[in-house]
Amino acid sequence: MKREIIPNFLEIFEGRIKDQKKRIQDELNKPKKERNKHLLKTLLRDTKSMQKRIKEAKKLTAKRCPHCDGLL
């Protein structure tokens with residue numbers, strides 16, 4: 001069963017990635033002994049997987065030429 005991709009939610013996920021990147025940057029600005037390694041690893045893993053999904057969704061929902069199947 002193939003999951004259907006809804007392109008309307010891509011902006012919401014891109015905003016979430018932006019917020020997560022800010023949280024990652026704030027965590028990295030802390031001194032090394034005060035960083036929460038578990039939180040940092042979780043944020044990085046989630047952000048990377050979400051970026052991958054967004055990239056796939058944009059690729060699948062992009063407008064294509066009906067003749068040559070090239071991107072418009």
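Predicted model: local features only at pLDDT ≥ 70, side-chain atom pairs only at ≥ 80, totals over all residues.
Let me begin with helix 2, which covers residues 37-61. Which residues of helix 2 are buried? They are Leu40, Leu43, Thr47, Met50, Ile54 and Ala57, and these buried residues pack against helix 1, which takes in residues 10-29.

Now to the way the two helices are arranged. In general, a pair of packed helices is described by the angle between the axes and the distance between them. Here the axes of helix 1 and helix 2 come within 10 Å and cross at roughly 150°, and because angles over 145 degrees count as roughly antiparallel, that is how we describe helix 1 and helix 2 relative to each other. The crossing in which helix 1 passes helix 2 is left-handed.

If we look at the residues that meet, helix 1 contributes, among others, Phe13, Ile17, Ile24 and Leu28, while those from helix 2 include Leu43, Met50 and Ile54. Sorted by class, this contact holds 12 nonpolar, 3 polar and 7 charged residues.

Is Glu27 buried or exposed? With a relative accessible area of 5%, Glu27 is buried, and, leaving aside residues up to four places away in sequence, Glu27 touches Glu34, Arg35, Asn36, Leu39 and Leu40.

Key: Residues numbered from 1 in each chain as written. Heavy atoms only, no water. Helix = DSSP H or I, 4+ residues; strand = E, 2+ residues; numbered from the N terminus. Buried < 20%, exposed > 50% of the residue type's maximum accessible area, 1.4 Å probe, protein only. Contact = heavy atoms within 4.5 Å. Expected span 1.5 Å × (residues − 1). Axes fitted to C-alpha atoms, helices over the stretch in contact; angles between N-to-C directions. Parallel < 35°, antiparallel > 145°, perpendicular 65-115°, else oblique. Left-handed = near helix turned anticlockwise from the far one by under 90°. Nonpolar A, V, L, I, M, F, W, Y, C, P; charged D, E, K, R; others polar.
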